Amino acid sequence: MKYIIFICIILAFGCNNHAPSNVYQYITLNTSLGKSDIDISYLFEDSLEFVKLDITNDCFVRADDEKICNHEYIWIYNHIAKKIFMFDQKGRYIKTIGAFGRGPGEYADFGGFSIVEDSLFVHDRILSKIIIYPIYGEQFREITIKPAIYSSEFTILDSQCFFITNYSNNYNLISFDLRTQERSYFLPYSSQIEKQKSWWELNKYSSCCQDTILFMLSRNDTIYSLSHNNLHAKYIVHFPQNKIPRKLLNKTGTEILRTALEKGYRSFAH
């Protein structure tokens, strides 16, 4: 299994064209040299603030729940309750946004969410739609996505919604214009990458800062930079040791995961 904490802390950006360029940096993660404690204090310019959330029986969250925030609020989607809980920056619970179901304003399958200005965008992968909830009101609206896009995660930059599909479609990245509903396709399917079998389920695939998105395509250990439909490979991650041997690939997913944890494997052999 790969440790990919680096996707949260690497915030350098660059741009090129639709096709990824060959200008990238290698990041070597040698797990044999790892330390139990990592100093990340240099990443914080001012201070680190801890927010204690107002948790009750009607509003509970877990550490691995999906989270987004801005300078005013925190939103957390709980996969058990299938609800989006909204808190202020002091941790006070405010309200629940949306609901699980198949009716108007409801999501049958939570495919991720994103915040843009004063609206919360939720992707429903089963019903093929994006629900737009106002933060300060109740009048939602919906945008239908036909044909459907099944993605691991989506994020929004300006009026473009970017779906990270990770090999559930013919392209690994699809943009969807929220105004015109036009699409653009990036990173086509590659059987060579598919054979590498280096994919693991991640809690978070992308990070958006100002006008640039960093996202990871985990099947080829590459972090891409995306800005206004300009895309290129920014970082390629290399795991020099503790790779999972090829003979283990014939086992079940449960056996592979259990063995990887027991033996300290970090990635599949390429």
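Visitor: What makes the meeting of the Arg 125 side chain and the backbone oxygen of Ser 151 a polar contact?

Guide: A polar contact is a pair of N or O atoms within 3.5 Å; within protein, one must be able to donate a hydrogen and the other to accept it, and residues adjacent in sequence count only if both atoms are side-chain atoms. Here a polar atom of the Arg 125 side chain is 2.8 Å from that oxygen, so the distance falls within the limit. The side chain of Arg 125 also makes a polar contact of 2.7 Å with the side chain of Asp 109.

Visitor: Where do these values come from?

Guide: This is a predicted model, in which local features need pLDDT of at least 70, side-chain atom pairs count only at pLDDT 80 or more, and totals for chains, interfaces and linings use all residues. Residues are numbered from 1 along each chain as its sequence is written, and side-chain values use heavy atoms, with hydrogens and water left out.

Visitor: Is Arg 125 buried or exposed, and how do you know?

Guide: Its relative accessibility is 18%. Buried means under 20% relative accessible area, exposed over 50% and partly exposed in between (1.4 Å probe, protein chains only), so Arg 125 counts as buried. Arg 125 sits in the loop between strand 9 (119–124) and strand 10 (129–134); strands (E, at least two residues) are DSSP runs, numbered from the N terminus.

Visitor: Which residues does Arg 125 contact, apart from its neighbours within four places in sequence?

Guide: With contact meaning heavy atoms within 4.5 Å, they are Asp 109, Phe 110, Gly 111, Tyr 150, Ser 151 and Ser 152.

Visitor: How do you know that strand 3 and strand 4 pair?

Guide: Two strands pair if DSSP finds at least two bridges between them. Strand 3 (residues 73–78) and strand 4 have six, in the antiparallel sense, so they meet the rule. Tyr 73, for instance, stands opposite Asp 88 in strand 4. The two strands form a hairpin with four residues between them, and Lys 82 in the turn has a positive phi of about 55 degrees.

Visitor: How many bridges does strand 4 make with strand 5?

Guide: Four, and the two strands run antiparallel, with strand 5 covering residues 93–97. Met 86 has Lys 95 in strand 5 as its bridge partner. Strand 4 itself (residues 83–88) is mostly covered, with five of its six residues buried.

Visitor: What puts Lys 82 over the face of Phe 100?

Guide: A charge sits over a ring if NZ of Lys or CZ of Arg is within 6 Å of the ring centre and within 35 degrees of the ring normal. Lys 82 lies at 5.1 Å from the ring centre of Phe 100, so the distance is inside that limit, and the pair is counted as lying over the face.

Visitor: How many aromatic pairs are there?

Guide: Eleven, by a rule in which rings of Phe, Tyr and Trp (its six-membered ring) pair if their centres lie within 6.5 Å; planes under 30 degrees apart count as stacked, over 60 as edge-to-face and the rest as tilted.

Visitor: What kind of pair do Tyr 77 and Tyr 107 make, and why?

Guide: Their ring centres are 6.1 Å apart and their planes are at 70 degrees, so the pair is edge-to-face. Tyr 77 in strand 3 and Tyr 107 in strand 7 (residues 106–107) are 30 residues apart, and the pair links distant parts of the chain. Tyr 77 is buried at 4% relative accessibility, and Tyr 107 is buried at 0%.

Visitor: What kind of pair do Phe 215 and Tyr 224 make, and why?

Guide: Their centres are 5.3 Å apart and their planes are at 20 degrees, so this pair is stacked. Both residues are buried.
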